[in-house]
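Hi everyone, thanks for coming. Please have the sequence and the picture open side by side, and we'll walk through them together.

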Amino acid sequence: MTAVLTRRAHLALAIQHMPEPIRAADLAAANAAAGFGAARNTGRLDARALVRAGLLAPLPGPGNRTYTRTTTEATAS
């Protein structure tokens, strides 16, 4: 049986290999590379969902929309 990853599950794995800081555009590019949609707004929504899940943390600053990982590869598995 083949395992099928959802878009956000794919991103949860992909952010472990992304250089920081992570932007919504980076998430959209990862979506596109995996065959999901590449809309920047989807990247923003995914970033918010990953923050709620505790996988990303927003960097401080007014109007800043960049994120850092809260997990390492070892704990993401």
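Predicted model: local features only at pLDDT ≥ 70, side-chain atom pairs only at ≥ 80, totals over all residues.

If you follow the chain from the N terminus, the elements come in the order α-β-α-α-β-β-α.

Now look at the strands. In which order do they lie in the sheet? The order is E1-E3-E2, in an open sheet with antiparallel pairing. Strand E1, residues 22-23, and strand E2, residues 56-58, are at the edges; each has a single partner strand, so one side of each has no neighbour in the sheet.

Let's zoom in on one pairing. E2 and strand E3, which covers residues 66-69, are joined by 3 bridges in the antiparallel sense. To find one on your screen, go to Leu56: its bridge partner in E3 is Arg69. Helix H3, residues 40-52, packs on the sheet and touches both E2 and E3. What angle does the direction of H3 make with that of E2? It is about 105°.

Finally, let's step back to the whole chain. How many of its residues are buried? Of the 77 residues, 27% count as buried. The accessible surface of the protein chain is about 4,900 Å², and carbon and sulfur atoms make up 58% of that surface.

That's my tour, and I'm happy to go back to any part of it.

Definitions and conventions. Residues numbered from 1 in each chain as written. Heavy atoms only, no water. Pairing = 2+ DSSP bridges. Helix = DSSP H or I, 4+ residues; strand = E, 2+ residues; numbered from the N terminus. Contact = heavy atoms within 4.5 Å. Axes fitted to C-alpha atoms, helices over the stretch in contact; angles between N-to-C directions. Buried < 20%, exposed > 50% of the residue type's maximum accessible area, 1.4 Å probe, protein only. Areas by Shrake-Rupley, 256 points an atom, 1.4 Å probe, with all protein chains shown as cover.
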